Amino acid sequence: MQFGLTDEQQMIVDTVRSFVEREIYPHEDAVERSGEVPKDIAEEIKHKTIALGFYACNFPEEVGGAGLSHVDFALVERELGRGSMALNHFFGRPQNILMACEGDQRERYLLPAVRGERMDALAMTEPDAGSDVRGMKCSAMRDGGDWVLNGSKHFISGADHADFFIVFVATGVDETPRGPKKRITTFLVDRGTPGFEVRDGYASVSHRGYKNCILDFDNCRLPDAQVLGEVDGGFAVMNEWLYATRITVATMSVGRARRCFDYALNYAAEREQFGQPIGKFQGVSFQIADMITEIDAADLLTLSAAWRLDEGLPANREIASAKVYATEMLARVTDATLQIYGGMGLMSDFPIERFWRDARVERIWDGTSEIQRHIISRELLRPLGA
């Protein structure tokens, strides 16, 4: 087994980390205070990413991406995790399910997204359909040769900057032995389509500036050409997307934890009480030891899950394990760092309280910790008939 990075992978890590430190860090405090990313800053980050050759690096070379492997892309996301999500959003990683685009959809959506000409946002969650995805009420009905969409989505990240949306809606119901089961279809919906409105969402304590929005559909009429993939085949498309996003959440949690740990380590070495650095006291030094052990474990678990995808091996359980462990590790690391800083950790003079707040949402979005544990236990028990 080879645990080291290749020269090319180390170059990816060094390049992206340098970019984050140079282009993301300087703007973080302003975004945190205002809750906004100025348009000129967003465009600057996007154009510099394009010039660097990393925009849409999660897409294959055949469509203009960098063709990175799952492990390589996990390394990119890990380093991006060190910076503000509101800002690194413009580093540009379109939803990988756009590869399902066919015919004219490639010219209208896929290729412009890869080139950075159009930004996408994915709409799945609803007020009454979070973990229970099939409980969605947003629906589309046939009307002549068109589809008519009605309902709402919320918690839609990046919708404030999106040019088009990848929307999952119910398009029918199947009767099964376990009860009614909704069929789901994916649609591509342009901003400005009649009957479609994007509204401001909720004020969140996590990831300020990385906004969530509410999408309303009121008799929004779409032709068949806007269906992404197969009619009633949206659940399969969704699962493919969730694989990628759950690894992203895990790797970004590792990156953020490493940045937070650097603050904790340096503070423990510099802050003196009772005539010596606080890092000399076991109450602090043991926390430092536990933190780095958990960070390294989460890092290896996450990269291993990505490696399984590259090898074409089953990875559902491993991805779920990486997501639940890395996000819960981040919560422990940020809390321990704040404790080491003491009262100053809660002050906005330091970014510690921001890391602490931002960490909380990671255990919720893209599948809660409870959902991940359900996936893990199901994968283990089903082969035994339980």
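These notebook entries record what I looked up in the structure.

**Entry 1. Ground rules**

I note that the model is predicted, that local features need pLDDT of at least 70, that side-chain atom pairs count only at pLDDT 80 or more, and that totals for chains, interfaces and linings use all residues. I number residues from 1 along each chain as its sequence is written, and side-chain values use heavy atoms, with hydrogens and water left out. Helices (H or I, at least four residues) and strands (E, at least two) are DSSP runs, numbered from the N terminus.

**Entry 2. The nonpolar cores**

I looked up the nonpolar cores, where a core is a set of buried Ala, Val, Leu, Ile, Met, Phe, Trp, Tyr and Cys residues joined through side-chain atoms within 4.5 Å. Buried means under 20% relative accessible area, exposed over 50%, and partly exposed in between, with a 1.4 Å probe and protein chains only. The largest nonpolar core holds 51 residues, and Val-16, Val-76, Leu-98, Leu-110, Ile-166, Phe-168 and Leu-188 have the most contacts inside it. Elements that each supply at least two residues of this core include helix H1 (7–34), helix H3 (70–80), strand S4 (164–176) and helix H6 (234–270). H1 gives the most to this core, with 6 residues.

I then followed Val-76, taking contact to mean heavy atoms within 4.5 Å. Not counting residues up to four places away in sequence, Val-76 touches Ile-12, Val-16, Phe-54, Cys-57, Leu-68 and Phe-91. A second, separate core of 37 residues includes Val-13, Ala-74, Ala-250 and Tyr-267. In soluble globular proteins, nonpolar side chains tend to be buried together.

**Entry 3. Helix H3**

How many of the 11 residues of H3 are buried? I find 10, so H3 is largely enclosed by the rest of the structure. Among the buried residues of H3 are Asp-72, Phe-73, Glu-77, Arg-78 and Glu-79.

I next examined H3 against helix H7 (residues 282–310): their axes come within 8 Å and cross at roughly 145°. Axes are lines fitted to C-alpha atoms, for helices over the stretch in contact, and angles run from 0 to 180 degrees between N-to-C directions. His-70, Val-71, Ala-74, Leu-75 and Arg-78 in H3 meet residues of H7, including Leu-303, Trp-307 and Asp-310.

**Entry 4. Arg-93**

Arg-93 lies in the loop between H4 and H5. I looked for its polar contacts, each a pair of N or O atoms within 3.5 Å; within protein, one must be able to donate a hydrogen and the other to accept it, and residues adjacent in sequence count only if both atoms are side-chain atoms. The side chains of Arg-93 and Glu-77 are joined by a polar contact of 3.0 Å. The side chain of Arg-93 also reaches the backbone oxygen of Asn-88 at 2.6 Å.

**Entry 5. Strand pairing**

I count two strands as paired if DSSP finds at least two bridges between them. Strand S3 (residues 146–157) pairs with strand S7 (residues 212–223) in the antiparallel sense over 9 bridges, and Leu-149 stands opposite Cys-220 in S7. Strand S6 (residues 196–200) also pairs with S7 in the antiparallel sense, over 5 bridges. Asp-200 has Cys-213 as its bridge partner in S7.

Strand S1 (residues 120–123) runs parallel to S4, joined by 4 bridges, with Ala-121 opposite Phe-165. Both faces of S1 are covered: Asp-120 and Leu-122 on one side and Ala-121 and Ala-123 on the other are all buried.

**Entry 6. Two threonines**

Thr-193 is in the loop between S5 and S6 and counts as buried because its relative accessibility is 13%. Leaving aside its neighbours within four places in sequence, Thr-193 is in contact with Cys-220, Arg-221 and Leu-222. Its side chain reaches the backbone oxygen of Asp-190 at 2.7 Å.

Thr-245, in helix H6, is buried, with a relative accessible area of 12%. The side chain of Thr-245 makes a polar contact of 3.2 Å with the side chain of Asp-366.

**Entry 7. Positive phi**

Asp-366 sits in the loop between helix H9 (352–360) and helix H10 (369–381). Its phi is positive, about 60°, although it is not a glycine.

Phe-274 also has a positive phi, near 55°. Is Phe-274 buried or exposed? I find it exposed, with a relative accessible area of 80%, in the loop between strand S9 (272–273) and strand S10 (276–277).
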